[in-house]
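Dear colleague,

Here is the structure I promised to pass on to you.

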Amino acid sequence: MKEFKSGYVSIVGRANVGKSTMLNSLIGQKISAISNKAQTTREKISFIYTDKDCQIVFLDTPGIQKPKNKLGNFMLNESLSSLSEADIITYIVDTSKKIGNLDSSIIDTLKKLKDKKIILLINKIDLIAKEELFPIIEAYDKIGIFSHIIPISAMKNDGVDEYIEVIKENLSPGPMFYPEDYVTDKSEKFLAEEIIREKGLRFLQEEVPHGLAVGIEKFKMRSDKEIYDIDAVIYVERDSHKAIVIGKGGSMLKKIGTSARRELENMLDSKVNLKLWVKVSKNWRDNDNKVRGFGYK
């Protein structure tokens with residue numbers, strides 16, 4: 001009988017390379033918010049993959065980039081701290097033909113981790129021709145720090161099974177850290193905040209989403225029927241942004257709320273009565289106390 005294996009795998013990379021998309025697909029349930037905006041993932045989130053042979057705890061981290069405020073400092077620390085916690089590191093890049101400055105900086109950090117096995121995933125291979133892939137693999141292979149280089153398409157779930165098998169081969173025997181039906185260590189309240197924030201990221205103009213935060217003020221199932229009452233506040237940094245989030249005649253807030261409610265009902269397998277408000281918390285991303293107050297600590 002095979003020994004059960006377990007371990008922690010840190011997922012790092014710059015913004016928008018598809019880290020959360022891959023993990024949501026792998027787990028079979030959406031845990032992390034996904035959008036095409038930078039800074040979608042703001043804190044470390046555990047994704048728990050369990051089968052008969054192993055339990056892998058993936059640490060999804062914010063996209064690595066140069067911090068511009070207190071929130072950015074927190075996000076960078078979340079990404080870098082995961083490197084020391086992990087048994088295996090997975091570095092995700094996309095199919096860009098040139099290794100840019102930010103990827104070069106991340107690679108320099110990874111080179112210092114002499115005792116860690118590092119797997120490289122090249123994501124979004126569905127967007128290029130096969131012959132365009134080989135020079136990209138060759139460029140990263142020359143760096144000499146990756147134990148495996150695996151091309152994948154997170155959107156099409158292509159190559160992900162091979163990636164899981166490689167992790168299994170390199171894990172040590174160990175216990176099951178979480179019950180086998182767990183897919184994350186985050187609460188339903190946290191997931192609800194992420195769902196609402198994701199809808200804001202998806203529907204709002206470019207300048208607003210970076211300063212968006214969501215706070216759940218009520219999250220409770222009624223005692224007399226299967227309906228969740230969820231009250232949430234969407235926080236923005238400027239009065240002008242508040243007007244944009246609300247929209248003409250409340251149209252944008254209604255759009256965000258309707259889309260979020262549908263997804264919440266699917267997640268909770270219950271009817272949801274969702275109420276949203278919009279408040280201004282001026283320049284909260286540059287205030288340590290406010291950043292911590294929104295749960296980034």
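This is a predicted model: local features need pLDDT of at least 70, side-chain atom pairs count only at pLDDT 80 or more; totals for chains, interfaces and linings use all residues.

Residues are numbered from 1 along each chain as its sequence is written, and side-chain values use heavy atoms, with hydrogens and water left out.

Helix α6 (residues 188-203) and helix α8 (residues 251-268) have axes that come within 9 Å and cross at roughly 140°; the axes are lines fitted to C-alpha atoms over the stretch in contact, with angles from 0 to 180 degrees between N-to-C directions. Helices are DSSP runs of H or I with at least four residues, and strands are runs of E with at least two, numbered from the N terminus. Contact means heavy atoms within 4.5 Å, and among the α6 residues that meet α8 are Leu191, Ile195 and Phe203. The residues of this contact divide into 11 nonpolar, 2 polar and 5 charged, where Ala, Val, Leu, Ile, Met, Phe, Trp, Tyr, Cys and Pro count as nonpolar, Asp, Glu, Lys and Arg as charged, and the others, Gly among them, as polar.

In helix α1 (residues 19-27), 8 of the 9 residues are buried, that is, under 20% relative accessible area with a 1.4 Å probe and protein chains only, whereas exposed means over 50% and partly exposed in between. After α1 comes Gly28, with a positive phi near 85°.

Ser172 lies in strand β7 (residues 172-173) and counts as partly exposed because its relative accessibility is 48%.

Best wishes
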